[in-house]
There are 2 protein chains.
Amino acid sequence: MRVVEGGVCAAKGFTANGIHCGIRKNHSKKDLSLIFSAVPASAAAVYTTNLVKGAPLAVTKRHLQNGTAQAVVCNSGNANTCNANGREIAEAMSDLTAKQLGIPAEDIIVASTGVIGQPLDITPIAAGLPLLAAGLSAEGCHAAAEGIMTTDTVRKEAAVEFTLGGRTCRLGGIAKGSGMIHPNMATMLVFLTTDAAISPQMLQKALSGDVAGTFNMISIDGDTSTNDMVTILANGMAGNPEITAGGGDFAEFMKALNTVTIALCRKIAGDGEGATKLLECRVSGAADSATAKTAAKSVICSSLLKAAMFGADANWGRVLCAIGYSGAAVDVEKIDVSFQSAAGCIAVCQNGTGVDFSEELAKRILSEKEIEILVGLNSGNACATAWGCDLTYDYVRINGDYRT
Amino acid sequence: MRVVEGGVCAAKGFTANGIHCGIRKNHSKKDLSLIFSAVPASAAAVYTTNLVKGAPLAVTKRHLQNGTAQAVVCNSGNANTCNANGREIAEAMSDLTAKQLGIPAEDIIVASTGVIGQPLDITPIAAGLPLLAAGLSAEGCHAAAEGIMTTDTVRKEAAVEFTLGGRTCRLGGIAKGSGMIHPNMATMLVFLTTDAAISPQMLQKALSGDVAGTFNMISIDGDTSTNDMVTILANGMAGNPEITAGGGDFAEFMKALNTVTIALCRKIAGDGEGATKLLECRVSGAADSATAKTAAKSVICSSLLKAAMFGADANWGRVLCAIGYSGAAVDVEKIDVSFQSAAGCIAVCQNGTGVDFSEELAKRILSEKEIEILVGLNSGNACATAWGCDLTYDYVRINGDYRT
C-alpha cells in the first residue's frame, strides 16, 4: 500500500466539482460540491448521534437503505437544520441533482454544513447545478474539497493505492472540519470513494469498524455536530473479486481505509478552528481499549490543557487532571506522562508524580506544530490515540460572531 | 430570611484571617487563610470525584470522620497535588495550625489550591501561621476570602440571617473559582459557616442535598478540579434547639443554605476565568429532573455557545445542538428557546424551529452582563438551572501560561 496524491477522484471512475452558487455571500468561497461515480456503487454511511439532526441526514439514510448510491451533493454555508421546510429542501436538492445527472434520486447522498436554524434557499442551488455537473472531472476533486469547507483554512484530502486479488485499487476522501467537532459514534462530513469491489454489507462493516478508532477520536471543541456524516462509495471499477466476507482482502481494504481516515483525522484536528497546533494523545498500557480511548479523548478535550499547549506551557498536571475525571478506571500512581515533537521528547511525570525537567527543552518541544502527549498507564496492553488542537484567541474570535 | 453582609464570619463565634505568607511570588496577593470557630462545631463536606485528588483531601476526610471540626486552613498558589510528599505536607500544615490554635489536629480542615504537581514548601506556611492566628477577627472574613483566590478577580462571599426555634441564626460562606470548574458530585473550594445547632448527620444530609442543584450545576471550562471541596461548620452558638431530624427547622436551614450557595454559584460563574458575562441556563418543562439538569448543563458547557455569548451573537442553533448531544431524552420538535437579560426577553426558537426575531434587540439583550438562556422542553414539569460564563480571549491568555 502506498499514499498517493488526490482525494475523492483518486479511484477509477470518480469525477467531482465544486463551485460558488450563491449560498455564501463571499463570492471567493465555493459553497456547492458534487462527487459522481461513472457506475452505481456500493454505499455505506455513519451519522451523528445528536438528537438534533440536519434535514439532509434523513433523506440520505432513506436513499442508502438499498446499499447503493452514485453521487454526493453537499452545500456549505447553511446546515439546513432546525428549519420548518428543511426536509423539503433536502429532497429538492437531491431531486434536482438526480435530474441533472440522469440517475434516480434514490442514488443521491445529500449533505449540508454551516449555520443552524436559517432557511436554506434552493434557488442558488438549482441555478448552480447545471454548471456544477457540466464541470465534473477528475481534476475537480480539489474544487469539491473546497466546496464543503466552512471555517476550514485548508482543504482536506487523502488517498492510498493498494492491491486486492492482483488488481490495483485506490481509496481516497475529502473532509471538512473545523468547529462543532466532537464526533460520537459518527463524525463530521467526510466523503470517501474507492474503486474496489465490495458488498454494501462489508463496506458498512468496514466503515463502522473504522470510525470508532479514527473520527470518533477527534475533538476540536467538545460539541457534537448536528450534521455529522461519513459516507463511502465503492464502484468496483478496479475489477478485483468482490469482497463479500472477512479474510485477507477485507483486512487489506480495512488497512487502506484506516490509512486514509487517519490522514483525514490529523488534517481535521490540525485545522481546528483557530488552531496553531495538532495535538495527538497516545495512551498505552491500559487495561482495555475502552479505558485507553476514554483517557486519550478526555486529555484532548480539556480546555485547560488545550490553552496550555497554545502557550507551549508544560502544565502536565492538567493531563493528569483530565485523566482523573474522565471516568476511566486508572491507577493514578502508575501514570507516566511525556511530551514529544520534532524537537525531542521529555518526561514530565512518573508514577503520578512530577519529575524534574528542563523547562527550556519543554518549551522548545511544545513550540512545534505537532505535539504528541504520551501517557503510559502501566496497567495492561491496550492503547488508543486521540486527535485535537490547541485552544487559541482565534477560536474565540471565530465563534464570537460566526453568523455575520 | 434575609440576605446580610459578610461571609464566613457572619455567624456568631467565627473569626477569620488571610495573609501573604510567601507561597506566591506576588507579595500583593494573599496566599494563606484561616477560619476559626470559638467552640467545636458539627462539620460536613463533599469532595471532588476526580481520581487524581489533592493530598489535603485525604487528610480532611480522615479528620471529619467524627463529624466535628473547629478550624479551616487553606493556602492558594499551590494545589499540593501529584507531589511525592503531598500527604506529609498536608499533615504538617494541619498539625502546625492545630498547635497554633491549641486544638486537636483532628479538628482541622486543610485545603490547597493552585498549580498541580509542584512541591509545596511548608516553610512559609509555618512562618506565617503565628501572624495569621494572631490576626483572627470577625473583620478578617474579607482577608480570608482573598487568601483562597487563584485567578479569581473578586472575592466571593455571601450570608443570610434566618430563624430557627425562635433564635436568630446566620449562615455564610466564601468561595474560590475560577478555572478548572466543572464540579461533579462535589465542587470547587467553598467554606461555609453557621451558628445554627445541627447534628453532623443532618448537616451532611443538607450539604449533599444542596450541592446537587447548586455547585454541581456550574461549569466554567468542563474541567473537574482535583482539589474540589465544600465544607460547612455549624457551631450551635445561635442557641436554637439542635436539628437532629427532618421537619420545619431542617427545611428552613436548607433554604438558608441554598440561598447562600446559589449566591456563591452565581459569583463563581460570573467570575469564571476571562469571563465578561454570567450565563444562567434555565430549563423547564422537562419530563424529570435528571433530563432538565443534563440539558441545562450541556448548554452551559458548550464552547461554541460560550463564544457566541461573548460575541453577543444570538446563535440559538448552538443551544439546540448542545441539548441534542447531551444524552437527555428530549423531543427536539417541542423545544422553545429565548434569551433574556435586563434589556428584555426575545424568543428565537419555537418547536425546534427558528422564528423571526429582531437581531438588534437580541444584540442589546446579549450585551448585558447577566444572560438567561431559557429553554422550554414542553414535556413535563421538572426544571433545573445551570450557571456558567462566556468563553473569551482572556480565558486563553490566562491559561496559555498559567504556571509562570
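Predicted model: local features only at pLDDT ≥ 70, side-chain atom pairs only at ≥ 80, totals over all residues.
With both chains still shown, display the residues that touch across the boundary, where 55 residues of chain B are in contact with 54 residues of chain A. The area buried between the two chains is about 4200 Å², and carbon and sulfur atoms give 59% of that area.

Next, superpose chain B on chain A, which takes a rotation of 180° with 0.0 Å of shift along its axis and leaves an RMSD of 0.0 Å. That is the relation of a two-fold axis, and the same surface serves both copies, since 98% of the contact residues of chain B recur in chain A. To place the axis in the viewer, centre on Tyr393(B), whose C-alpha, at 2.5 Å, comes closest to the rotation axis among the residues of chain B.

From there, select helix 9 of chain A, residues 317-324, and ask how many of its residues are buried. Eight of the eight are, so helix 9 of chain A is largely enclosed by the rest of the structure; the buried residues include Arg318(A) and Cys321(A), as well as Gly317(A) and Gly324(A). Showing the surroundings of the helix brings both chains into view, because its buried residues pack against helix 7 (289-301), helix 8 (303-310), strand 11 (336-341), strand 12 and strand 14 (370-376) of chain A, together with helix 11 (393-400) of chain B.

Now turn to the sheet in chain A, an open one of six strands with mixed pairing, in the order 13-12-11-14-10-15. Strand 13 (353-354) and strand 15 (382-389) of chain A stand at its edges with a single partner strand each, so one side of each is left without a neighbour in the sheet.

Move to chain B and select strand 14, residues 370-376, which is mostly covered, with five of its seven residues buried. Strand 10 (residues 278-286) of chain B runs parallel to strand 14 of chain B and is joined to it by seven bridges, with Ile373(B) in strand 14 as the bridge partner of Cys281(B). Strand 11 (residues 336-341) of chain B pairs with strand 14 of chain B in the antiparallel sense over five bridges, and here Val337(B) stands opposite Val375(B).

The cysteines make the next selection, and the structure holds zero disulfides over all chains. For Cys82(B), the nearest cysteine sulfur is that of Cys349(A), 6.2 Å away, and Cys82(B) counts as buried at 12% relative accessibility. The sulfur of Cys265(B) is 13 Å from the closest cysteine sulfur, in Cys389(B), which is too far for a bond; Cys265(B) is buried, with a relative accessible area of 0%.

For charged pairs, a search of the whole structure finds 26 salt bridges over all chains. In chain A, select Lys30(A), Glu146(A), Arg155(A) and Glu157(A), which are linked in a network of salt bridges. Within this group the side chains of Arg155(A) and Glu157(A) meet at 2.9 Å, N to O; Arg155(A) is partly exposed at 35% relative accessibility, whereas Glu157(A) is buried at 10%.

In chain B, the side chains of Arg2(B) and Glu161(B) meet in a salt bridge of 3.3 Å, N to O. Arg2(B) lies in strand 1 (residues 2-4) of chain B and Glu161(B) in strand 6 (residues 156-164) of chain B, so the pair ties together parts that are 159 residues apart in sequence. A further salt bridge joins Glu91(B) and Arg62(B) at 2.6 Å, N to O, and links helix 2 (residues 86-101) with helix 1 (residues 55-63) of chain B.

Finish in chain A with Thr97(A), found in helix 2 (residues 86-101) and buried with a relative accessible area of 1%. Leaving out residues up to four places away in sequence, Thr97(A) touches Leu34(A), Val73(A), Ile108(A) and Leu129(A).

Notes: Residues numbered from 1 in each chain as written. Chains lettered and ligands numbered in written order. Heavy atoms only, no water. Disulfide = S-S within 2.5 Å. Buried < 20%, exposed > 50% of the residue type's maximum accessible area, 1.4 Å probe, protein only. Pairing = 2+ DSSP bridges. Helix = DSSP H or I, 4+ residues; strand = E, 2+ residues; numbered from the N terminus. Least-squares fit on C-alpha atoms with pLDDT ≥ 70 in both. Contact = heavy atoms within 4.5 Å. Buried area = accessible area lost by both parts, 1.4 Å probe. Salt bridge = Lys/Arg side-chain N within 4 Å of Asp/Glu carboxyl O.
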